[in-house]
Amino acid sequence: MYLADVTLREGDQMPGREYAAEAKVRAGRALDRLGVDAIQAGFPVTGEKDVQVIGELAAECEADVVALARAVSGDVDAALDAEADVIEVFGPVSDLQLEYALGTSRGSMFEQFDAAIDRVRDGGATPHLTLVDAFRTEREHLLEAFDRYADVPMITLADTVGARTPASLRGDLDALAADVDLSRAGVHLHDDLGCATANALAAHEAGVGKADVSVASLGERAGNPALEEVVVAGVVEHGESFGVTASELVPACREVLDALGESIPPRKAILGSEVTEHESGIHTAAMLREPRAFEPFDPGDFGGERRLVFGAGTGRSGARQLLGRAGAPTDDETVAVYLDRLAAEGPLDTEEAVELARREFA
Ligand SMILES: CC(=O)SCCNC(=O)CCNC(=O)[C@H](O)C(C)(C)COP(=O)(O)OP(=O)(O)OC[C@H]1O[C@@H](n2cnc3c(N)ncnc32)[C@H](O)[C@@H]1OP(=O)(O)O
Ligand SMILES: O=C(O)CCC(=O)C(=O)O
């Protein structure tokens with residue numbers, strides 16, 4: 001499965017956001033260095049900014065630079081003007097969205113897809129197709145699309161409203177797999193149920209060829225599968241980093257967020273400042289011996305950092321080990337006094353705690 005990062009388009013679509021062109025270009029470069037296969041950098045018909053960003057990134061990135069386009073000639077022309085490598089033509093296929101987002105029939109939507117895809121090819125770009133709201137669409141209509149667009153290299157099924165869980169998504173994909181080669185199917189998922197990352201992994205396990213992801217889940221409503229979560233979970237579960245340089249993951253994601261002026265909640269998995277920090281006495285005592293005892297992966301493998309801290313939560317076992325490292329006595333009385341000092345001065349990191357032990361007890 002390859003990863004297409006959609007941060008620059010989905011993130012820019014969030015209420016109140018207006019990323020500057022330079023910010024998007026800087027973020028796109030960081031994603032390219034990280035090694036994602038595709039960067040969906042914008043929606044050119046929305047304005048000159050995205051035309052400029054896509055043009056700049058397409059000229060210098062290894063990754064395919066993707067422009068979004070509705071199935072209308074003006075959108076495709078704007079994407080061609082931007083000189084995108086790939087033009088992602090999208091349109092709804094569910095009854096609900098055909099009626100309320102488009103006011104047209106599925107037959108007319110498919111005719112618009114035909115014309116838009118031809119226009120992309122005539123303009124010299126590669127067409128991809130996203131079937132919007134695909135997971136609330138009958139299987140027969142999805143099969144019709146895969147059949148009708150057999151020459152489109154990638155057809156993405158969008159869980160546009162984030163309504164699927166891993167089991168239901170897997171069930172839908174397995175049902176399609178009887179008739180469709182899922183390696184030419186992608187998934188575009190949303191996190192409304194908090195399942196987007198798990199759904200991306202379920203899609204990988206089902207055999208899909210591409211998943212859209214975004215840094216820190218930036219995107220419409222609850223966002224998309226987090227790039228960093230999909231990669232770390234892929235490595236932990238399957239030994240698979242989906243083509244990105246795992247050791248650069250955390251710095252690259254932080255650079256993207258920094259460029260875009262986005263902050264991240266401290267408790268957010270992988271990237272949050274507090275999620276690789278440990279203070280509980282039972283945990284730190286074990287982790288001083290072997291960090292794997294209380295962590296699912298070494299943060300250093302992804303360019304992050306583990307931090308053990310010592311203070312009010314430290315127990316006797318951890319304190320004894322720290323005193324030992326400092327060459328200080330480890331009898332019960334020294335341990336008790338040292339624990340009082342840690343509680344008063346903490347939280348201290350490991351080096352600071354050892355230094356305190358050395359200074360006052362060795
Ligand atoms: C599922 C997604 O997340 S797709 C990405 C959504 N992103 C955005 O909307 C980005 C911000 N949007 C915008 O700047 C504007 O909405 C624009 C420039 C895209 C379009 O603006 P407008 O031309 O004023 O159209 P509007 O926003 O009202 O869009 C609805 C029109 O698009 C049509 N439309 C919607 N989706 C599609 C589609 N996939 N293919 C073809 N036509 C479509 C609707 O039928 C409607 O047409 P109508 O104007 O003839 O009734
Ligand atoms: O596939 C895409 O990138 C556009 C569709 C989309 O954003 C969605 O359906 O949520």
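The model is predicted: local features need pLDDT of at least 70, side-chain atom pairs count only at pLDDT 80 or more, and totals for chains, interfaces and linings use all residues. Residues are numbered from 1 along each chain as its sequence is written, and chains are lettered from A and ligands numbered from 1 in the order in which they are written.

**Overall layout**

- The chain has 15 helices and 11 strands. Helices (H or I, at least four residues) and strands (E, at least two) are DSSP runs, numbered from the N terminus.
- The C-alpha trace spans about 80 × 40 × 30 Å along its principal axes.
- Of the 362 residues, 48% count as buried. Buried means that 20 or more other C-beta atoms lie within 10 Å of the residue's own; exposed means 12 or fewer, and partly exposed is in between, with C-beta atoms placed from the backbone.
- Take contacts between residues at least 6 apart in sequence: 69% of them join residues at least 24 apart. Two residues are in contact if their C-beta atoms, placed from the backbone, lie within 7 Å.
- UniProt, in an unreviewed entry, lists residues 1–250 as "domain: Pyruvate carboxyltransferase". UniProt positions follow the numbering used here, feature names are shortened, and annotations may be inferred rather than shown by experiment.
- Residues 1–250 are 45% helix and 18% strand, and their end C-alpha atoms are 21 Å apart.

**Two domains**

- Domain 1 runs over 2–260 and domain 2 over 277–361. These bounds come from an automatic or database domain assignment.
- The domain centres, taken over C-alpha atoms, are separated by 45 Å.
- In the contact between them, 8 residues of domain 1 meet 6 residues of domain 2.
- On the domain 1 side, helix H10 (227–238) and helix H11 (249–260) each give two or more residues. H11 supplies the largest share, 3 residues.
- That side of domain 1 divides into 6 nonpolar, 1 polar and 1 charged. Ala, Val, Leu, Ile, Met, Phe, Trp, Tyr, Cys and Pro count as nonpolar, Asp, Glu, Lys and Arg as charged, and the others, Gly among them, as polar.

**Ligand 1**

- Of the 15 residues around ligand 1, Thr 46, Arg 70, Ala 71, Gly 91 and Leu 102 come nearest. A residue is near a molecule or strand if its C-beta atom, placed from the backbone, lies within 6 Å of it.
- E4 and helix H5 (95–102) each give two or more residues to this shell.
- By class, the ligand 1 shell has 8 nonpolar, 5 polar and 2 charged residues.

**Ligand 2**

- Residues around ligand 2 include Glu 88, Phe 90, Thr 130, Val 132, Thr 156, Ala 158, His 188 and His 190.
- Strand E4 (86–92), strand E5 (126–132) and strand E6 (155–159) each give two or more residues to the shell.
- The ligand 2 shell divides into 5 nonpolar, 6 polar and 1 charged.

**Strand E6**

- E6 is mostly covered, with 5 of its 5 residues buried.
- Ile 155, Leu 157 and Asp 159 point one way from E6, and Thr 156 and Ala 158 point the other way.
- E5 and E6 pair in the parallel sense over 3 bridges. Two strands pair if DSSP finds at least two bridges between them.
- Leu 129 stands opposite Ile 155 in E6.

**The sheet E9-E10-E11**

- This open sheet has 3 strands in the order E9-E10-E11, with mixed pairing.
- Strand E9 (277–278) and strand E11 (348–349) stand at the edges with a single partner strand each, so one side of each lacks a neighbour in the sheet.
- Strand E10 (residues 307–310) joins E11 by 2 bridges, and the two run antiparallel. Val 309 has Asp 349 as its bridge partner in E11.

**Local features**

- The peptide bond from Gly 346 to Pro 347 is cis, with omega near 0°. Pro 347 lies in the loop between helix H14 (332–345) and E11.
- Ser 217 is not a glycine, yet has a positive phi of about 65°. Ser 217 sits in the loop between strand E8 (210–213) and H10. Ser 217 counts as buried because it has 25 C-beta neighbours inside 10 Å.
- Ile 270 also has a positive phi of about 65° and is not a glycine. Ile 270 lies in the loop between H11 and E9.
- Leu 31 is in helix H2 (residues 21–34). Beyond four places away in sequence, Leu 31 touches Asp 5, Val 36, Ile 39, Ala 63 and Val 256.
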